[in-house]
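Please look through the sequence and the model below, and then follow the report as it moves from the overall layout to single residues.

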Amino acid sequence: MEINPDNMQLFGIGAIKINATIFYTWIVMALLTGFSAVITSRLSTGAKIPRWQGVLEVIVSFVSGQIRQVIGRDPWPYVPFLGTLGIFILVCNLMEVVPLYHPPTSSLSTTAALAVSVFFAVPFFGIMKNGLWAHIKSYFQPSFFMLPFHIISEVSRTVSLAVRLFGNIMSESLMIGVFLSVVPLFVPLVMQVFGLVIGVVQAYIFFTLATVYIGSSVSIHGE
């Protein structure tokens, strides 16, 4: 039984081999892009708004509210990046109920790419908010000797982000696969529901941790 989508070669484009991780990432990206294009093409400012616009406003309000609670400041500069990150991971995990689908988040290459994007977003938002010099000085606080510890901290939490999401989604996929092979219908159905809960929780944890890391970067002066 193969559970790593990186090892599932689906087809090739010339010399390029497309595995399940790449293919299903494209599927999720296409779905999110298509839904976003359709919904935003029919936005209304009237008293009665389309149903999907209402759903979208609820999602955006939830994301901005969570960011405001964690960072304690205007959330809108961070909503596009953190919201996209959280929604992408959530959709990747929830689509596991679709037959033959393999979540890209069960691949370490995908979770590592997401974690690396957070790694670069942290100094980016810090520099945008406080300036380059103030951000560099924060690595030497409270003393010069803390520089290596700050660097180790940033690297280790990036690795932790990637491994935590990968480990949980991969192990959940493995458990469902094992039960499907040894037990009839009922238990795998329960495991699918359990897997959806895990998928939602893991997407929320990744989103919250990324928000905390960015929040610590933009608040280096204790504002």
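Of the 223 residues in the protein, 36% are buried, where buried means under 20% relative accessible area, exposed means over 50%, and partly exposed lies in between (1.4 Å probe, protein chains only). This is a predicted model, in which local features need pLDDT of at least 70 and side-chain atom pairs count only at pLDDT 80 or more, while totals for chains, interfaces and linings use all residues. Residues are numbered from 1 along each chain as its sequence is written, and side-chain values use heavy atoms, with hydrogens and water left out.

**Confidence and overall layout**

The mean pLDDT of the protein is 86, and 93% of its residues reach 70 or more; pLDDT is the predictor's confidence in each residue, from 0 to 100. Confidence is lowest in S1, with a mean of 80, and highest in helix H3 (residues 79-94), with 94. Where pLDDT is low, the predicted coordinates should not be read in detail.

The protein has 7 helices and 2 strands, which are DSSP runs numbered from the N terminus (helices are H or I with at least four residues, strands are E with at least two). Along the sequence, these elements follow the pattern β-β-α-α-α-α-α-α-α. Taken along the principal axes, the C-alpha atoms of the protein fill a box of roughly 60 × 55 × 40 Å.

**A nonpolar patch on the surface**

Which residues form a nonpolar patch on the surface? They are Leu10, Phe11, Ile13, Ile16, Ile22, Trp26 and Met29, and together they have about 640 Å² of accessible area. A patch is made of residues with over 30% relative accessible area and no salt bridge, and like charges are joined within 9 Å, whereas nonpolar side chains (Val, Leu, Ile, Met, Phe, Trp, Tyr) are joined within 5 Å. The accessible areas come from the Shrake-Rupley method with a 1.4 Å probe, and for residues only the protein chains shown count as cover. Strand S1 (9-13) and helix H1 (20-40) each supply at least two residues of this patch. Met29 has its place in helix H1 and is partly exposed, with a relative accessible area of 42%.

**Aromatic rings**

A search of the whole structure finds 10 aromatic pairs; rings of Phe, Tyr and Trp (its six-membered ring) pair if their centres lie within 6.5 Å, and planes under 30 degrees apart count as stacked, over 60 as edge-to-face and the rest as tilted. Phe124 and Phe125 form an edge-to-face pair, with 5.3 Å from centre to centre and 75° between the planes. Phe124 is partly exposed at 47% relative accessibility, whereas Phe125 is buried at 10%. Elsewhere, Phe11, Phe23, Tyr24 and Tyr101 form one aromatic cluster.

**Arg157 and its partners**

The structure has 1 salt bridge, defined as a side-chain nitrogen of Lys or Arg within 4 Å of a carboxyl oxygen of Asp or Glu. Arg157 forms a salt bridge with Glu154, and the closest N and O atoms are 3.9 Å apart. Because Arg157 and Glu154 are 3 residues apart in helix H6 (residues 147-182), about one helical turn separates them. Both Arg157 and Glu154 are buried. Arg157 also lies over the face of Tyr213, at 4.3 Å from the ring centre; a charge sits over a ring if NZ of Lys or CZ of Arg is within 6 Å of the ring centre and within 35 degrees of the ring normal.

**Distances in sequence and in space**

| Pair | Separation in sequence | C-alpha distance |
|---|---|---|
| Val116 and Thr158 | 42 residues | 6.6 Å |
| Ile214 and Asn130 | 84 residues | 12 Å |
| Ser36 and Glu154 | 118 residues | 33 Å |

Val116 is in helix H4 and is partly exposed at 36% relative accessibility. Ile214 is found in helix H7 (residues 186-218), and at 0% relative accessibility it counts as buried. Ser36 is in helix H1 and, at 40% relative accessibility, counts as partly exposed.

**A loop residue**

Leu100 has a positive phi of about 75°, although Leu100 is not a glycine. Leu100 lies in the loop between H3 and helix H4 (108-130), and with a relative accessible area of 74% Leu100 is exposed.
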